[in-house]
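Please look over this model and its sequence.

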Amino acid sequence: MSAVAIHNLQFAWPTRPWTAGSQTSPAPTILKIANFTLADGEKLFLKGASGSGKSTLLQLIAGVLTPTAGEITVLGQAISRLSAGKRDQFRADHLGFVFQLFNLLGFLNVVDNVLLPCRFSKLRAQRALTQGASLTDAASQLLVALGLSNAVGLPNAVCAQAVSRLSVGQQQRVALARALIGAPGLIICDEPTSAIDVEHRERFMQLLLAQVEKSGAALLFVSHDPTLERYFDRTVHLADINQAAPFTEETAQDLVEANS
Amino acid sequence: MSLLFLALKSLRNRWFSAFLCVLTIGLSSALLLAVEHIRASARSSFQSTVSGTDLIVGARTGAVPLMLYTVFHVGEATNNVSWASYQRYANLSSVSWTIPISLGDSYQGFRVVGTTDAMFQHYRFGAKRALEFKLGHAFSNTDAQAVVGSAVAEKLGLQLGAKLSVSHGLGNVGFIKHDHAQQTLVGVLAATGTPVDQSVFVNLAAIESMHEGFDGSARLSPAKPESNTARDAHEGHEAHEGHEAHEGHEAHDGDAHKPMEAKPPKAITAFFVGLKVRPMALALQRKINDDESEPLLAILPIATLQQLWQLVGVAEQALGLVSIAVVATGLLGMMMALIATLEQRRREMAILRSVGARGHQIFSLLLLESAALTLAGLALGAALITILLAIFADQLAGRYGLFLSANWLSARTLTGLGLIFSTSVILAIFPAAAAYRSALADGLSVKL
């Protein structure tokens, strides 16, 4: 079983119902991927320039978008065949995300942010309880493992801290703890280091890889920064596997004309 | 449970705007509750302005005008009831008691009611409550004495023993003062919350005598009362006689008046009737209305009070509509506040989606926020009205005769609260649906 398996995927933004029927040309295909596999426990660096369809691919794997054609299997589950509600539940149970910025909910303290997936997934909550004596304990352990207690003080102090007081690097580590809580099978990171300054980036990457390795999850890491390649088992250039026409000035112009 | 936790945390984070929403809903719902409670109380106290009276009889006019000038002291009678007619009905075997009243005079802007002590024995208001004396006692029917309502005593600062000079006419400064006939204050009534509080009661005979003393008619018509007059009227007559003979004259230095012959009044303004057997009221009403010797009108107080309330009811409904509009404004304000924050909260929704929140959970989150705000607002409104009632109920009762019970809970107020709550949840569907749509469209990445 592989963590992610993609076959003959095609994706174009669906035409909106209220514009369908007019003489607009069909929306351009953004992604066309014949084959892509992420093995169990594999750490993969997916490289691509901005606008190359990276975020779209991640949303397809996350089950937020559904492919126009083809099949996506995540952790053995053909998620493109699931209903919207089941895809949401699957995402809650099995996926952890770290985004570029603004990962945290400002109105929750650090621990409540980390425990957020457990509020939407019983499975994650149950697994988190095997990681610590209580959910709070499990969250604290992860935070300590990610070096947050050193940065802010005692673990208890950081737990109740408002997230707005944290630096960007600390926020990204809290987001990582949230992605890892309850041991999901797949961690997806979308440019998680681009907002962190260079000297802290190294430390973040080491913590990330160590914790992902410890949890046994597969890691799909998306970035345009080639200096990060060295941390990963394998690198895939999105441009190499995506057979759709690259999104250029020209296609953008076509799109504008088609919709005008 | 998780959603409620998130909704409350999120609201706490936006505490100021949430606080304003709660305040708006609290104030507007308190207004609605106050209007409804006052309306209900006003209605019941209005309906019980006079009770226990089976018929009110006056000169022929409309039922509402008769009720207005006899009970509410609004407007004036255009005609009188002759003493003979009054006697005829007062002496019917089916009649238990009557209270004659004679209106048209005033004291310092308050209406003077010429009556007999039957007023204090038989007049009832509210739940058949009799008039009670806060100070002093009823006029004794032997002297020129007066009893005033609680509001009169309070506003004019009257003490027992004060001398009241009644003016003819209803202006604040009477056109003609009956200075020659001063009335001694012997009693102050307890507050009733009815027009009684605003009234000055004097002997019917005294009124008659001072008018006659003034225009001199007393000397022209020294008719003796018939021997079979009602007891009250008879006593009134004698009181009048005693007063003039023994004290009134001397007390006022003669004032160019000679002792007058006591006699019953020629006419009264109206009279209240209590029957021995209540169901006889309709028959007697018909009999009086068909009286061929004098054009009279008898009304059933309860029926006319209802008729009158329907007139007043327009204002009541207008007030109700205004308070509903205020509540609607409050709810719309809350909806706008929720919609206004949605754009800033797209990131929040995307995070929730990334950890597995479903579309309908985003929808429910917004509904929960709205429900929580409304519940808090309603709780505030209920607390406000309870506190305001505790503080102001006594003052309203004392000043305006509006008796408000501390318990504002009723089927209508509870229905009102329920309607506010459900309207708010229904209105919240709009921001909730907007959040739902944008959360699904945004997915995990928000391009701000």
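Q: Where does A:Ala183 lie in chain A?
A: In this predicted model, A:Ala183 sits in the loop between α9 and β7 of chain A. Helices (H or I, at least four residues) and strands (E, at least two) are DSSP runs, numbered from the N terminus.

Q: Why does A:Ala183 count as partly exposed?
A: A residue is buried if 20 or more other C-beta atoms lie within 10 Å of its own, exposed if 12 or fewer, and partly exposed in between; C-beta atoms are placed from the backbone. A:Ala183 has 18 C-beta neighbours inside 10 Å, so it counts as partly exposed. Its phi is positive, about 45 degrees, although A:Ala183 is not a glycine.

Q: What makes A:Glu191 partly exposed?
A: A:Glu191 has 19 C-beta neighbours inside 10 Å, so partly exposed is the label. A:Glu191 is in the loop between β7 and α10 of chain A. Its phi is positive too, about 50 degrees, and A:Glu191 is not a glycine.

Q: How do you know that the span of α10 of chain A is close to the expected one?
A: The expected span is 1.5 Å times one less than the number of residues. Helix α10 (residues 198-215) of chain A has 18 residues, for which 26 Å is expected. From first C-alpha to last, α10 of chain A reaches 26 Å. A:Gly216 follows α10(A), with a positive phi near 80 degrees.

Q: Which residues of α10(A) are buried, and why are they said to be on the same side?
A: They are A:Leu208, A:Gln211, A:Val212 and A:Ser215. Their arc around the axis is only 100 degrees, so they share one side of α10(A). The arc is that of the directions from the helix axis to the C-beta atoms. An α-helix has 3.6 residues a turn, so residues three or four places apart point the same way.

Q: What covers the buried residues of α10(A), and what does the face turned away carry?
A: The cover includes β3 (43-47), α6 (135-145), α9 (168-180), β7 (186-190) and β8 (218-223) of chain A. The face turned away carries the exposed residues A:Glu199, A:Gln206, A:Ala210, A:Glu213 and A:Lys214.

Q: What makes a set of residues a nonpolar core, and which residues have the most contacts inside the largest one?
A: Such a core is a set of buried Ala, Val, Leu, Ile, Met, Phe, Trp, Tyr and Cys residues joined through C-beta atoms within 7 Å. The largest has 108 residues; A:Val114, A:Ala139, A:Ala177, A:Ile181, A:Leu186, A:Ile188 and A:Leu220 have the most contacts inside it. Another core lies apart from it, with 63 residues, including B:Trp83 and B:Trp97.

Q: How many residues of chain B are in contact with chain A?
A: Two residues are in contact if their C-beta atoms, placed from the backbone, lie within 7 Å. By that rule, 17 residues of chain B are in contact with 22 residues of chain A. On the chain B side, α1 and α12 (346-354) give two or more residues each.

Q: How confident is the predictor?
A: pLDDT is the predictor's confidence in each residue, from 0 to 100. Chain B averages 80, and 82% of the residues score at least 70. Over residues 214-262 of chain B, pLDDT stays under 50. The complex gets an ipTM of 0.84 and a pTM of 0.70.

Q: What are the conventions here?
A: Residues are numbered from 1 along each chain as its sequence is written, while chains are lettered from A and ligands numbered from 1 in the order in which they are written. As the model is predicted, local features need pLDDT of at least 70 and side-chain atom pairs count only at pLDDT 80 or more, whereas totals for chains, interfaces and linings use all residues.
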